[in-house]
Amino acid sequence: MIDLHCHSIYSDGTDTPEALADLAQAAGLRALALTDHDTLEGLERFLACQPRVDTELVPGIELSCRFLGRVLHVLGLFIDPRDAAFRTRIEDMRERRIDRNRAMVARLQEMGVPVTWEEIAALAPTDSVSRTHFARALVNRGAAGSPQDAFRRFIGDDGPAFIPLRELTPAEAARWIREAGGVAVVAHPGRFGNRNFRWDEAMAELKAAGMAGLEAHYPDYGPQEHRYFLELAASLDMVPSGGSDYHGGHKPGQYLGVGTGSLHVPDGVLDLLKARRAAEKV
Ligand code: AMP
Ligand code: MN
Ligand code: MN
Ligand code: MN
């Protein structure tokens, strides 16, 4: 069993990179990728754990993109966290995230929600602040009953206080990832758009944009959706990747490796991705 998607305190998870490596070892995972949102900050600590665990630790990232006017997440797996050009690009994203966050605080205040930037930033263990921390702050303020309620009423992708990050296209993201030595994978396609979204045509477009795989194994999927994305990957000759999207305490009931309990990403996926990476080498 492997897990190619999780988060640490360097984005919106609650576990340190060391704790994730130890959890992977305890769970008997053959491989674990750390894929924090728009940051490489946790990867040095994560990779430093390699000598003491049997689990193969894979450096990764989850990039926030815009596709068809909505948020699409793209995973970069096996990227080189020291690649200078990639680091500059990610640093630029970090600055844009700070600007976006401040603009979202202003919008919430205009809407009459008296939440402050200091309150939100204090909830983030590192200087990477995301909407997950906004949701907590809104609950603490009594402006929302739960994080889910905060996303639904204010800051979700369709919420009135949501402001997207920069307009990174999937093609640009795939190019950045490939130039940094990695492979690009479409994250949780089942969470994009509504249930009736026609993924067949869109995914062919994303493949042409440079995506080598898609997340066919994901905790939120029902059996039908799981089968659909496995078949879609097969029909487009894309790697059926997957992972738990573990966020620690920010997503209770979700565990590394097994997700909500039934997730199982086959070991063979790792070699398929490595083969794709070798074939694509730029
Ligand atoms: P950001 O990158 O700051 O825009 O925040 C995006 C993060 O917020 C995602 O990675 C999720 O962890 C979380 N998120 C987005 N939408 C929802 C939602 N509807 N319910 C719960 N968490 C969400
Ligand atoms: Mn997240
Ligand atoms: Mn995501
Ligand atoms: Mn994620």
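**Helices H3 and H7**

I looked up how H3 and H7 sit in this predicted model, and they are oblique to each other. The angle between helix H3 (residues 84-110) and helix H7 (residues 170-179) is about 140°, and their axes are 10 Å apart. I kept the cut-off in mind here: roughly antiparallel needs an angle over 145 degrees, so the pair is classed as oblique.

I then listed the contact residues. From H3 they are Phe86, Arg89, Ile90 and Met93; from H7 they are Arg175, Trp176, Ile177 and Glu179. By class I noted five nonpolar and three charged residues in this contact, with no polar ones.

**Manganese ion (ligand 4)**

Which residues coordinate the manganese ion (ligand 4)? I found His5 (NE2), His7 (NE2), Glu62 (OE) and Asp245 (OD), at 2.1 to 2.2 Å. Along the chain these donors follow the spacing H-x1-H-x54-E-x182-D. Histidine 5 is in the loop between strand E1 (2-3) and helix H1 (17-26), and aspartate 245 is in the loop between strand E7 (239-242) and helix H10 (268-280). The two are 240 residues apart, and the pair links distant parts of the chain. I checked burial for both: histidine 5 has 0% relative accessibility and counts as buried, and aspartate 245, with a relative accessible area of 2%, is buried too.

**Manganese ion (ligand 2)**

I looked up the neighbouring site next. The manganese ion (ligand 2) is 4.7 Å from the manganese ion (ligand 4). Its protein donors are Asp12 (OD), His37 (NE2) and His247 (NE2), lying 2.2 Å from the ion, with the spacing D-x24-H-x209-H. I placed histidine 37 in the loop between strand E2 (31-34) and helix H2 (43-47), and histidine 247 in the loop between E7 and H10, 210 residues apart. Are these two histidines buried or exposed? Both histidine 37 and histidine 247 are buried.

**Manganese ion (ligand 3)**

The manganese ion (ligand 3) lies 5.6 Å from the manganese ion (ligand 2). Histidine 73 is in strand E4 (residues 70-77) and histidine 188 in the loop between strand E5 (183-186) and helix H8 (199-208), so the pair ties together parts 115 residues apart in sequence. Histidine 73 counts as buried at 12% relative accessibility, and histidine 188 is buried with a relative accessible area of 6%.

Definitions and conventions
Residues are numbered from 1 along each chain as its sequence is written. Chains are lettered from A and ligands numbered from 1 in the order in which they are written. This is a predicted model: local features need pLDDT of at least 70, side-chain atom pairs count only at pLDDT 80 or more; totals for chains, interfaces and linings use all residues. Side-chain values use heavy atoms; hydrogens and water are left out. Axes are lines fitted to C-alpha atoms, for helices over the stretch in contact, and angles run from 0 to 180 degrees between N-to-C directions. Helices (H or I, at least four residues) and strands (E, at least two) are DSSP runs, numbered from the N terminus. Angles under 35 degrees count as roughly parallel, over 145 as roughly antiparallel, 65 to 115 as roughly perpendicular and the rest as oblique. Contact means heavy atoms within 4.5 Å. Ala, Val, Leu, Ile, Met, Phe, Trp, Tyr, Cys and Pro count as nonpolar, Asp, Glu, Lys and Arg as charged, and the others, Gly among them, as polar. Donors are N, O and S atoms within 2.8 Å of the metal (3.2 Å for Na, K and Ca); water is not among the atoms, so sites may look incomplete. Buried means under 20% relative accessible area, exposed over 50%, partly exposed in between (1.4 Å probe, protein chains only).
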